Amino acid sequence: MQRPSVEEFAAMEKMPVVVVLDNVRSMQNVGAFFRTGDAFALEKLYLCGITATPPAKEIHKTALGAELTVAWEYSQHTIDVVERLKGEGYTVLAIEQVEGAVMLNDFRAEPEKRYALVFGNEAFGVDQLVVDRCDGSIEIPQVGTKHSINVSVSGGVVLWNFFCQIGIKS
């Protein structure tokens, strides 16, 4: 397989999508977001609130080194990151089951836009104050009895959808 080096990955064009993790408590989930972010050339990962940051053994366990390739930043307050990204022209979308959410299979990403996707805490989801500041929300359709998907699995589903729709512009 042709894989870029760490240096080549850092220099290559990225998908115009960033992910914001709002108080994700599991370091394995954080690591999985790094690994998925590497797979789909995510622009950046924002780790907010109680979300753990590298270096951490449990993050590395699932990231497998992707914590060294995906750009990331920590902020104590998710709302500050959302406001900043909106000011930078990102369309900010909560990935959440809320009234008015667009089903993922109905959502059409626009290639000329930049997106920020907010994923929430494993038990409580995206904080309502954060949802209220977002430009909209996306829900993953589900037909099972649980009506929830692990946050890192949700990340893979949603990021794959965005990658299929807009990918890397070059």
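Predicted model: local features only at pLDDT ≥ 70, side-chain atom pairs only at ≥ 80, totals over all residues.
Let's start with strand 4, residues 91-95. Is strand 4 enclosed or open, and why? Five of its five residues are buried, so strand 4 is largely enclosed by the rest of the structure. Look at the side chains next. T91, L93 and I95 point one way. V92 and A94 point the other way. Both sets are buried.

Now the neighbours of strand 4. Which strands pair with it? One is strand 6, residues 115-120. Strand 4 and strand 6 are parallel, and four bridges join them. Here L93 sits opposite L117. Another is strand 7, residues 136-139. Strand 7 also runs parallel to strand 4, with three bridges between them. In strand 7, L93 has G136 as its bridge partner.

Next, helix 4, residues 78-87. Which residues of helix 4 are buried? They are T78, V81, V82 and L85. These four cover an arc of only 100 degrees around the axis, which puts them on the same side of helix 4. What do they pack against? After helix 4 comes G89, with a positive phi near 95 degrees.

Take N23 first. N23 lies in the loop between strand 1, residues 15-22, and helix 2, residues 27-39. Its phi is positive, near 60 degrees, and N23 is not a glycine. How accessible is N23? Its relative accessible area is 26%, so N23 is partly exposed.

Then P55. P55 is in the loop between strand 2, residues 42-48, and helix 3, residues 57-63. Which peptide bond here is cis? The one from P54 to P55, with omega near -5 degrees.

Last, L64. L64 belongs to the loop between helix 3 and strand 3, residues 72-75. L64 is another residue other than glycine with a positive phi, near 50 degrees. Is L64 buried or exposed? Its relative accessibility is 55%, and the cut-off for exposed is over 50%, so L64 counts as exposed.

Key:
Residues numbered from 1 in each chain as written. Heavy atoms only, no water. Buried < 20%, exposed > 50% of the residue type's maximum accessible area, 1.4 Å probe, protein only. Helix = DSSP H or I, 4+ residues; strand = E, 2+ residues; numbered from the N terminus. Pairing = 2+ DSSP bridges. Arc of directions from axis to C-beta.
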